[in-house]
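Have the sequence and the model at hand as you read.

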Protein chains: 2
Amino acid sequence: MTTGTDRTGDEPKPDETAIPVVEMRRPRWGDPARVTELPAAAAALAGDATEDRGVPPESITPRESTLPAAVRADLEAVVGAGYVAASDDERVQHTRGYSTPDLLRLRAGDAVDAPDLVIYPADHDEVVRILQVCAAAKVAVVPFTGGTSVVGGLAPDRAGFAGVLSLDLRRLDRLVEIDEVSRVATLQAGLRGSAAEALLRDRGWTLGHFPQSYEGAGIGGYAATRSAGQSSAGYGRFDEMVEGLVLATPRGTLDFGTAPRSAAGPDLRQLILGSEGAFGVITGVRVRIRPVPATRLFDGWRFDSFADGATALRRLAQDGPLPTVIRLSDEVETAINLADPAQRGGDSTGCLVITGYEGGDQEVRRRRDAASEVLVDAGGTALGSGHGESWRTGRFAGPYLRDPLLDAGVLVETLETVTYWSKLHELRASVTAAITDTLTASGTPPLVMCHISHVYASGASLYFTVVAPLGADPIAEWASAKTAANNAIRAAGASITHHHAVGRDHRDAYHDEIGPLALDALRAVKATVDPDGVCNPGILI
Amino acid sequence: MTTGTDRTGDEPKPDETAIPVVEMRRPRWGDPARVTELPAAAAALAGDATEDRGVPPESITPRESTLPAAVRADLEAVVGAGYVAASDDERVQHTRGYSTPDLLRLRAGDAVDAPDLVIYPADHDEVVRILQVCAAAKVAVVPFTGGTSVVGGLAPDRAGFAGVLSLDLRRLDRLVEIDEVSRVATLQAGLRGSAAEALLRDRGWTLGHFPQSYEGAGIGGYAATRSAGQSSAGYGRFDEMVEGLVLATPRGTLDFGTAPRSAAGPDLRQLILGSEGAFGVITGVRVRIRPVPATRLFDGWRFDSFADGATALRRLAQDGPLPTVIRLSDEVETAINLADPAQRGGDSTGCLVITGYEGGDQEVRRRRDAASEVLVDAGGTALGSGHGESWRTGRFAGPYLRDPLLDAGVLVETLETVTYWSKLHELRASVTAAITDTLTASGTPPLVMCHISHVYASGASLYFTVVAPLGADPIAEWASAKTAANNAIRAAGASITHHHAVGRDHRDAYHDEIGPLALDALRAVKATVDPDGVCNPGILI
């Protein structure tokens, strides 16, 4: 058969699991040693604005701590005085997450949401004891692994609380056990994703979970927010990888999933996955692992339209075979991406599809051949592996661009949703219009790009990237656009989030999505495990 | 390549989706028009006992109804007087489920658990109003679709309640909608599985959910108990098929899953799936459907030992390709099954594996070839498609055997569990020993058979069939054996159920499995949606 794909570039490229664990410095993304120049296409967006990097974080003084000294002493008694920190720098570096409004606030010197204290427990039992101290003292507790929330998940309510504690899990960084027969690894929640992959890779295993936040995010955050990685078609979403998990609550420990695929009652793992710290702190997970793939092949494809490309993705999702990675950019995103000279090929019309296959050599080639047959039959034109490899090796570069764009006066932000296939195009149109109309009305007309990056038999995610000039009050302007987008999403019956979670930014839309009786039920669960309401108050619930 | 399988018998056989919807008559299983003769192997177990069919159900008089007349009038006002029933026969036919103790009790004329009244609502709104009437009057409500529970799910607590109402959903029997693009069907909960398949097949679709209770069980029951069908490897468990569901509670309606694969908060569908009527009544589901397969191929394989067969199944589950159906019988079950002259082939040593493949013709043949390669490599000997087709066409015959065996003085009962692959063999040994030792001590030494019928990357189910002479007090004797088995399961860290659910029979073990804090959380949810506690009281929680 003819797959239409070339075979140059089949040689494995540097592996993203070898990416070093970096210490980010808010408000900028990623490895501070890495200098990111704006590519030509991005520089064109920026125009000739003067570069402005904002207030340096080390010069920001957060609000005065409200935490009573006696509470601090109690906390020090749990972890040791060396493992609590109240320096300005540590407080600022635990302030909010990585949404564009979060960055804009910190760039403006606003650290009003800084925690009063940062604590670094050594193990699960210390986490339970910290929660008990905080419950007794009415101190709000924010679990912190990577700190990469883009939905306000790290900025709890302060009103009514004696203070806010950032509970940083970085010392819970062990690969505890690998059950090689069952292919299940027990990981502590404070491990960064990249650190977990490095530990697993030394033993021949991988999680295969590579969200765009991979360099920053942690295992506990993945679980608490139902993270989905770029290889979700092949490896599953993070919530599908979790066989079991352990939650520390002010009332003690919950440990679910001692056996896989139980039918005993509600699936209580699913009550903790996505709970975003509102029920307590996830301290460990038992997750599915797979052998490090022997072969990785990535291809590019061109479709005439987003609709044609979406139909092709749907066919693969419904009838197989499914690649490990599959994504479709719309016309705007395709044109922007392919305008970059670093991307091969001259044709920037139509819609770009990236397919990736990982696994055993023979199985990967079989799957690629069969999927390629479907893509050709659905109207796709093979662009060869150059586009695919270019996407793969550049997959974590995107977030690095946001900082120099902001420096140059360009707002970049993303949002995402998920719906059934039958409603997908209507949803894309209505969200695009909502954002475009709102930002145009406020004098900052945007460019709105969209891609599908996660497909299921019944539906797919839509991920929007919005680029616009920074206006006079960009936080308020974006808030209006975001509200309009949320309203369009809810009006279409879609979900307010496919993988960014709820936090406080999506809270109202989430409550609309689940309805008041379900919200009552969640509040009842919270009141049971967290009767004093100190666990990430104002987030989710 | 050589698969080792023959290709005779590739012609499609009669399709189980064409099985008629039968009206069962408790305490006997299945189509009353179907006469089941004991096969030779089963007759040998029975020995020369005198046949005893027990008390005819039509001659049983249930306890006097305790339901106040005013409540009955209120219920009649909701559904119409023609849709409530209090005849002895209808009450007896809604008494308990289909566990062997349930059958023994009814065969002995014991209908102490009969509901006071049976009600047949027309739609979701009537169900909500019934629940509100019952909440106000403190009447316990048992949802009833197929009535095939084997864990006491239909026998709620009566103490403290003004009566017990069986809420029979059979009038909610519509295929409401098919979204062909998204491959999602909306089904009302009162549809029997076989009726749903017939409706879907007329439009070219299938659920692919075929539990052994297929002839009796209903859609609502599948969802409420996390049912798993025999084709779970290919089509998924029922809980995996559910994209969304609607629950009627005394406080109104919950509707979850308006979009697929949301990351917005806990997955609330998973709180309702497996809730067994304790939170309300599931009245409809949105479920994944697939095209009726063009091709079905079933094969038999022989492995020298259960351990060898389990390793082969694990390889397929972890590295693929996974058949649509895959099961492994241990030595005892293999010997019993293959002793039946209806089964082809003379060799009844070793362990029988059945593999089935359903789908498009080319895809099925590719998958079968690739899986057969793995099975050969893992030490399997192909037995040809005869054994496979024999299993497929006889797959729903098993439950019909239990009644004539009981008539002949032979107790048959099943139980099941699930664990990680690394713990599987130890679990099988300890459960087998627990049952064998207990029943031997009570003077009724059993034959204990086991099979694996559901496999996952991380683990597998174990399904035990126990055959023993009926002793002097078979209910008590079985209860002791069951308790011993439950203790062995819990001691091994396995789950108390893989697909039979909790009911009241597994309640204590379930509470041990999830722990007291999780139980508190579930009670808080129940108190929220069912503040008067009338929804299937004593079941699950």
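## Terms and ground rules

A residue is called buried when its relative accessible area is under 20%, exposed when it is over 50%, and partly exposed in between (1.4 Å probe, protein chains only). The model is predicted, so local features need pLDDT of at least 70 and side-chain atom pairs count only at pLDDT 80 or more, while totals for chains, interfaces and linings use all residues. Residues are numbered from 1 along each chain as its sequence is written, chains are lettered from A in the order in which they are written, and side-chain values use heavy atoms, leaving out hydrogens and water.

## Bridges between chains

Over all chains, the structure holds 69 salt bridges (a side-chain nitrogen of Lys or Arg within 4 Å of a carboxyl oxygen of Asp or Glu). One of them pairs Asp319(B) with Arg183(A) at 2.8 Å, N to O. Because Asp319(B) sits in helix H11 of chain B and Arg183(A) in the loop between strands S5 and S6 of chain A, this pair joins two chains. Helices (H or I, at least four residues) and strands (E, at least two) are DSSP runs, numbered from the N terminus. Arg183(A) is buried, at 11%.

Asp520(A) and Arg251(B) also form a salt bridge, with their closest N and O atoms 3.1 Å apart. Here helix H19 of chain A supplies Asp520(A), and the loop between strands S8 and S9 of chain B supplies Arg251(B).

## A bridge within chain B

Asp157(B) meets Arg504(B) at 3.0 Å, N to O. The pair ties together parts that are 347 residues apart in sequence. Asp157(B) is partly exposed at 28%, and Arg504(B) is partly exposed at 29%.
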